[in-house]
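Open your viewer and load the model. This tour moves from the whole chain to one residue.

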Amino acid sequence: MRVHAVCPDGVAGDMVDAMDPAGRAKSIVHSSGRLLTAQEVADAALGLIGSRRVVPSLPAWRGGLTRLGQLLPSQSAGGFRLFELVGRPVMRRP
């Protein structure tokens, strides 16, 4: 049996809208540059049908970065702070 999974970054929707703008979570979610749409995630899920790819990350670079952080877990905690710092200005964009 094969199980497919899509691992999207932040997706625009009610849950992200409800996050505290001053909190860390919202800025980390915005740190990839833009929020994905539900349609983008659905298209990625449909693209898995009949494919050999099991787990795609959206955007792909973010999944690679996360997997790299798993190699050095004691060092990866600082990465969340970096994501937060990158996400703050993105949240201020119109």
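How much accessible surface does the protein have, and what share of that surface belongs to carbon and sulfur atoms? Show the surface: the area is about 6,500 Å², and 64% belongs to carbon and sulfur atoms. These areas come from the Shrake-Rupley method with a 1.4 Å probe; for residues, only the protein chains shown count as cover.

Before going on, note that this is a predicted model: local features need pLDDT of at least 70, side-chain atom pairs count only at pLDDT 80 or more, and totals for chains, interfaces and linings use all residues. Residues are numbered from 1 along each chain as its sequence is written, and side-chain values use heavy atoms, leaving out hydrogens and water.

Switch to cartoon. You will find five helices and two strands. From the N terminus, the order is β-α-α-α-β-α-α. Helices (H or I, at least four residues) and strands (E, at least two) are DSSP runs, numbered from the N terminus.

Next, select serine 31. It sits in the loop between helix H2 (24-29) and helix H3 (38-47). Is serine 31 buried or exposed? Serine 31 counts as buried because its relative accessibility is 6%. Buried means under 20% relative accessible area, exposed over 50%, partly exposed in between (1.4 Å probe, protein chains only). Across the protein, buried residues make up 29% of the 94 residues.

Finally, select Arg62, Phe83, Val86 and Gly87. Serine 31 is in contact (heavy atoms within 4.5 Å) with these residues, leaving aside its neighbours within four places in sequence.
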